[in-house]
Amino acid sequence: MDDYRVEKLADDIRAGMKITTNMVRRFYRIPDQEAIDLLKKSKLRAEELDYAREIQKQNEIAAKRRAKRYFG
């Protein structure tokens, strides 16, 4: 259950939503400390996903460059 919450919040954070601890606490009906921990995990997961996407973009660019050199 917690993994789903983390993924959902991470997606919302990556989409540009401003999410506060109070919003998380109210929506999931959880205590303050649990909401803080969930938000921290979600922010870290969003950073991981952004980093992975950046690495993927760099690899795609490098592959295109190699293909252009090889084929053209």
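**View 1. Length of helix H1 in the predicted model.** Helix H1 comprises the 13 residues 2-14. At 1.5 Å a residue, H1 should span 18 Å, and the C-alpha atoms at its ends are 18 Å apart, so expectation and model agree. After H1 comes Gly16, which has a positive phi near 100°.

**View 2. The buried side of helix H1.** Arg5, Val6, Leu9, Ala10 and Asp12 are the residues shown as buried in H1. Because they cover an arc of only 160° around the axis, they lie on the same side of H1. In general, an α-helix has 3.6 residues a turn, so residues three or four places apart point the same way. The buried residues of H1 pack against two further helices, H2 (21-28) and H3 (32-71).

**View 3. The opposite face of helix H1.** Asp3 and Tyr4 are exposed, and they are carried on the face of H1 that is turned away from its buried side.

**View 4. The aromatic pair of Phe27 and Tyr28.** The model contains two aromatic pairs. One of them joins Phe27 and Tyr28 in an edge-to-face arrangement, with 4.9 Å centre to centre and 85° between the planes. Phe27 is exposed, its relative accessible area being 64%, whereas Tyr28 is buried, with a relative accessible area of 16%.

**View 5. The aromatic pair of Tyr70 and Phe71.** The ring centres of Tyr70 and Phe71 are 4.7 Å apart and their planes stand at 85°, so this pair is edge-to-face. Both Tyr70 and Phe71 are exposed.

Note on methods: Residues are numbered from 1 along each chain as its sequence is written. This is a predicted model: local features need pLDDT of at least 70, side-chain atom pairs count only at pLDDT 80 or more; totals for chains, interfaces and linings use all residues. Side-chain values use heavy atoms; hydrogens and water are left out. Helices (H or I, at least four residues) and strands (E, at least two) are DSSP runs, numbered from the N terminus. The expected span of a helix is 1.5 Å times one less than its number of residues. Buried means under 20% relative accessible area, exposed over 50%, partly exposed in between (1.4 Å probe, protein chains only). The arc is that of the directions from the helix axis to the C-beta atoms. Contact means heavy atoms within 4.5 Å. Rings of Phe, Tyr and Trp (its six-membered ring) pair if their centres lie within 6.5 Å; planes under 30 degrees apart count as stacked, over 60 as edge-to-face and the rest as tilted.
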